[in-house]
Amino acid sequence: MTHQAGPDKAPDRIAGMFDAIAPRYDFLNHALSLGIDRRWRARAIRSLRLTGRETLLDVCTGTADVALQAEGAARVVGVDFAAAMLRIGLQKVNAAREASRVTLVRGDATALPVPDAAVDAATIAFGIRNVERPDRACAELARVMRPGARLAILEFGVPRVPGLRALYLAYFKYLLPFVGRLVSGHRAAYSYLPASVGAFPPPAEFAAMLTRAGFRAVRADPLTLGIVYLYTGVRGR
Ligand SMILES: C[S@@+](CC[C@H](N)C(=O)[O-])C[C@H]1O[C@@H](n2cnc3c(N)ncnc32)[C@H](O)[C@@H]1O
């Protein structure tokens, strides 16, 4: 998969797609990643070095997996523009008796409903590749994070090891859309996934975008042989 012209990422289309697959999203997520997705989120949360005092903003929170897993934050605000994803997230928050700690808000990553310098840490897990203007989302993160606040972004990559790369591309291109379609009943969503990953900037390019947005000490660390990248950075002063 090379960096290529991407699929249509008009906000209405993306929100509608996630609304449509919301009821099956968690099941498919854990099944298609063989359960490794929980470990990827745990690694991202660990990188924030939470002390129990922070307000964490989880952008593209979906069904609130990161928000709920980030137990080291005093308060978590999850933002997403797909109402059906948030509804399922809210059920999970209530079931976990975390409603006083975790708040879910409908909003767009490129116009966050959060005041300037209001959060102590921020995350985006598997959301940034869906955003039509990722540069604007990065600028918004920089605006709402206080200087010194830590950022962790998880996004799919393409492994570089040749054999694994071929296997992964085949899995991504054929098996995943097939299973995704079968279980979710949504034709486009799981073909969109490989297309959106192929169109996302390579790690060095996305890291440079974060630096331009105002983050320092930016790193792009491959997880699970580069199937996923963890981007970290600190909001500059
Ligand atoms: C693949 S899901 C990831 C959800 C969750 N973070 C997780 O780790 O499972 C991507 C989420 O990003 C949301 N999203 C995509 N673009 C967005 C935007 N511009 N503003 C807000 N949410 C967005 C979608 O609605 C969807 O819920």
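Me: Which elements are included in what covers the buried residues of helix 5?
Reply: This is a predicted model, where local features need pLDDT of at least 70, side-chain atom pairs count only at pLDDT 80 or more, and totals for chains, interfaces and linings use all residues. Residues are numbered from 1 along each chain as its sequence is written. Helices (H or I, at least four residues) and strands (E, at least two) are DSSP runs, numbered from the N terminus. The cover of the buried residues of helix 5 includes strand 1 (55-59), strand 4 (119-125), strand 5, helix 8 (203-213), strand 6 and strand 7.

Me: Which residues of helix 5 are buried?
Reply: A residue is buried if 20 or more other C-beta atoms, placed from the backbone, lie within 10 Å of its own. Helix 5 covers residues 134-144. Its buried residues are P134, A137, C138, E140, L141, A142 and V144.

Me: How many bridges join strand 5 to strand 7?
Reply: Strand 5 spans residues 145-156 and strand 7 spans residues 228-235. They run antiparallel. A152 stands opposite T232 in strand 7. The number of bridges is 7.

Me: What is the bridge partner of P222 in strand 7?
Reply: Strand 6 and strand 7 pair in the antiparallel sense over 7 bridges. Their hairpin has 4 residues between the strands, and T224 takes a positive phi near 45 degrees. The partner of P222 is Y229.

Me: At roughly what angle do the axes of helix 1 and helix 4 cross?
Reply: Axes are lines fitted to C-alpha atoms over the stretch in contact, and angles run from 0 to 180 degrees between N-to-C directions. The two axes come within 7 Å. Helix 1 is roughly parallel to helix 4, a term for angles under 35 degrees. The crossing angle is roughly 25 degrees.

Me: Which helix gives the most to the shell around the ligand?
Reply: Of the 22 residues around the ligand (C-beta atom, placed from the backbone, within 6 Å), C60, G62, A82, A109 and A125 come nearest. Two elements give two or more residues: helix 1 (11-32) and helix 3 (65-69). With 5 residues, the top giver is helix 1.

How values were computed:
Pairing = 2+ DSSP bridges. Parallel < 35°, antiparallel > 145°, perpendicular 65-115°, else oblique. Buried ≥ 20, exposed ≤ 12 C-beta atoms within 10 Å, placed from the backbone. Contact = placed C-beta atoms within 7 Å.
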